[in-house]
Amino acid sequence: LHEIGISVAHSGYHKHTAYILGYADMPGFSKKEQARLSLLALAQRGNLEKLQGRLKITEAPADCALAMSLRLAVLFYRNRSDSALPVLRGRFSGARFHLSLDADWLSKNPLTEAALQEEVQQWKTLGISMQITAG
């Protein structure tokens, strides 16, 4: 469901997905639930500045944790290969997220390591600290 916007255009598909989820007739979902799904879809990739004022740690910490989880899933599965993924351990408390993963795996996957460092910077724009520990 988070990639339904690809049917519109591959570029910026997360924005198309958010629009579709926000405005489609979805029996069984309230407008509030649709808005939440739309927000999570919009948050799945790209710059998090677009969520300033919409994704607030003080008002919806669960949504921040869900957005983080979805972003990490998209990040780790971006090439859609069957390669083994590391064991991930994450903790989310207050405005702090801690992610721990195998150092050896991380050193063998420098593009993912760089993407994770970019993720740290993205969350700073929302006032959320993300710490990555390899070990």
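Me: What does "buried" mean when a residue such as glutamate 119 is described?

Reply: Buried means under 20% relative accessible area. In this predicted model, glutamate 119 has a relative accessible area of 5%, so glutamate 119 is buried.

Me: With which residue does glutamate 119 meet in a salt bridge?

Reply: A salt bridge requires a side-chain nitrogen of Lys or Arg within 4 Å of a carboxyl oxygen of Asp or Glu. Here the side chain of glutamate 119 meets that of arginine 71, at 2.4 Å from N to O. Glutamate 119 belongs to helix 5 (residues 110–124) and arginine 71 to helix 3, so the pair ties together parts 48 residues apart in sequence. Arginine 71 is also buried, at 4% relative accessible area.

Me: How many salt bridges does the structure hold?

Reply: There are four. Among them is the pair of aspartate 104 and lysine 108, at 3.2 Å from N to O. These two residues stand four apart in helix 4 (residues 103–108), so about one helical turn separates them. Aspartate 104 is partly exposed, at 42%, whereas lysine 108 is exposed, at 59%. Another is formed by glutamate 59 and lysine 56, whose closest N and O atoms are 3.5 Å apart. Glutamate 59 is exposed, at 61%, and lysine 56 is partly exposed, at 33%.

Me: Is glutamine 44 buried or exposed?

Reply: Glutamine 44 is buried, with a relative accessible area of 1%. This residue sits in the loop between helix 2 (31–43) and helix 3 (61–76). The glutamine 44 side chain reaches the backbone oxygen of alanine 41 at 3.1 Å. Beyond its sequence neighbours up to four places away, glutamine 44 touches residues including Tyr13, His14 and Arg71.

Conventions
Residues numbered from 1 in each chain as written. Predicted model: local features only at pLDDT ≥ 70, side-chain atom pairs only at ≥ 80, totals over all residues. Heavy atoms only, no water. Buried < 20%, exposed > 50% of the residue type's maximum accessible area, 1.4 Å probe, protein only. Polar contact = N/O pair within 3.5 Å; in protein donor to acceptor, adjacent residues only side chain to side chain. Contact = heavy atoms within 4.5 Å.
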